[in-house]
Amino acid sequence: MRYLGNKTKLLPFIDHVFDKYKIQGKIFFDPFAGTAAVADHMKSRFTVIANDYMHFSARIAEAKVLNRKEPNFEKFRELYNESPFDWLNNKKYEPSKNGFIYNTYSPAGGRMYFTESNAAIIDGIRLDIERLYKNRILNATEYAYLLASLVESVLRVSNTAGTYQAYFKFWETRAIKSLTLVPLEIEESASIDKGNRVYCQDANQLIREVSGDIAYLDPPYTTTQYANMYHVLETIVKYDQPTVFGKTGRRQNRVLSGYSNKHNAIYEFEDLFRQLDFDHIIVSYSNQSIIPLQELVTLASRFAVNGTVHLEQLSYREYASNNVSYKGENEGLKEAILYFRKDRKIRKSPLNYSGSKDGVMGSLTKYMPKHIGTFVDAMGGAFNVGANVVATKKVVYNENNPYIYSIIKMLLQEPGDSIVNQVQLVIRSHHMRKKGREAYTSLRDEYNNSPTPLLLFVLHIFSFQNIIRFNSAGQMNTPVGNNEFSRGLKTRILQFRSKTPNPELLLSSYQDLKYTDYPADTLFYFDPPYYLSTAEYNDGKRGFTGWNTDSEIELLSTLLQLDQLGYKFMLSNILEHKGRTHHILKDWAKEHHFHIYALGLTGIKYPRAEVLITNFDPLSD
């Protein structure tokens, strides 16, 4: 198929990468399917999820990955005693006043994409395919296969250089041949997974809805828009009689790809890498693409396990077949494949702190904007959110509770194995154990006489419900609980780190942050004490300032100021709890046209339906 970026000739190179890095799994995702050459190639090995935002490409993908081989068209053959290809090719099609292709893309419409006779054939075959499907003579996969075959056949008689950005002003030899509907070539496999499915969506939207093992990414490489290059094929498949404009008859309402925009492409990739819920990420690109290859590798490394990205390259000479002319200006052109394992792990903070967001972090991430330069965790708490955010510049942890701040600082700045050893030493030397009241009280007294973050952290491990509570005199007074230093907690200490290296740590209230000092691409995240519920840090009785109506209104005012300054914010909260409604927050969000997203339930004893409120749409900002 004559299609820009077709990967048929690159399949051996892709197989080489799979073999070299021992890439395995069950679900294969191809969100930029194009002609579905790669998805078709993989359908015998994996459950395939294919997608393309162009309708004609999605139909091609359906034809290939939902069919094991060319369909038998059993019902059609029963009725007509021949194949649909013979039947359609033997029909005589005449120009029709309602034929959109004839009246728009042939000389009858003032354009020379097709001869008038071929345009009439295209109209006739396209509408016959629709009638056969409507009358249930074709099933869904047979319908897709015939449409894809029509696209393939149309390319053979198009009066163009291969795309539809322009047409020749003379009739090229192949264009004057009569169109014959030929079967689409697909890879035949012994069987295919019944779970294969195909979407026609924006890739960056779809990645928020699917997950699996292997994602193969083949986005546009250049500033040329596929919606412009293949608009005629899109119209043939959709046959929606669009409003067209200009000499080339482009569709007026068409969606352009951010991957073909020099300013937006890197942000599209950032969002793609952040949102992909797959272990293995494979990216087809080129050393002469819209984003410099090294810049793309650097971005990918931020999301890769241990920052490791493998780069494989194939020269243009090796990629091109003997039948493709080789031009000297392409001598430095190389097809490239980036491969990395996505760091999908949510690193839960070793500090067990009420209201922590590790359980909803996956959902919360889906609603983050495409680009995050700086991320400010303005009410950082246990740092479960900020530590799991990849920002291209930096992450800021801000916390106004000095006791919590000191523990997080220790956990981030001291080696994990050193902290584990120190914790174990304190436990052994003080004979700490589950429900060991005497030893616990002795350690608590020691801490209150000479406080250190380490001793407070150990006390928190053994305290009642892991609560860190102080009296009005500043003395830690939480009683002993039914907890111990578990293997899981030890692992959390060893693995805890910020995905964005070297986070900036601030001990201050959110009110004291100098917001206007932050760059425009900063995302501020707020996780306040919840107005409808109480915890040890917001009831005003544990040695800390409580959270009341005035506190809530002050925070909402701050968020409005950020919005007016042009910053993006995210606010975690609850709107309903134990039969009560947070009317002020709900009405505030509605009044200012903010977005509300459901995150899920948190909390064990009293589950709460968490929501996220943002002043931006994650897919358009």
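Trainee: Which residues do ring pairs link into a cluster?
Mentor: F32, Y221, Y259, F269, F273, Y285, F303 and F340. Rings of Phe, Tyr and Trp (its six-membered ring) pair if their centres lie within 6.5 Å; planes under 30 degrees apart count as stacked, over 60 as edge-to-face and the rest as tilted. Keep in mind that this is a predicted model, where local features need pLDDT of at least 70, side-chain atom pairs count only at pLDDT 80 or more, and totals for chains, interfaces and linings use all residues. Residues are numbered from 1 along each chain as its sequence is written, and side-chain values use heavy atoms, with hydrogens and water left out.

Trainee: How many aromatic pairs turn up in the whole structure?
Mentor: The search finds 40. Take F73 and Y145: their ring centres are 6.2 Å apart and the planes sit at 55°, so that pair is tilted.

Trainee: And what does that pair tie together?
Mentor: Parts that are 72 residues apart in sequence, because F73 is in the loop between α3 (55-65) and α4 (74-80) while Y145 is in helix α8 (residues 140-155). Helices here are DSSP runs of H or I, at least four residues, numbered from the N terminus.

Trainee: Is F73 buried or exposed?
Mentor: Buried, at 1% relative accessibility. Y145 is buried too, at 0%. Buried means under 20% relative accessible area, exposed over 50%, partly exposed in between (1.4 Å probe, protein chains only).

Trainee: New topic: what sits over the ring of F18?
Mentor: The charged end of R45, 5.9 Å from the ring centre. That call needs NZ of Lys or CZ of Arg within 6 Å of the ring centre and within 35 degrees of the ring normal.

How values were computed
Helices (H or I, at least four residues) and strands (E, at least two) are DSSP runs, numbered from the N terminus.
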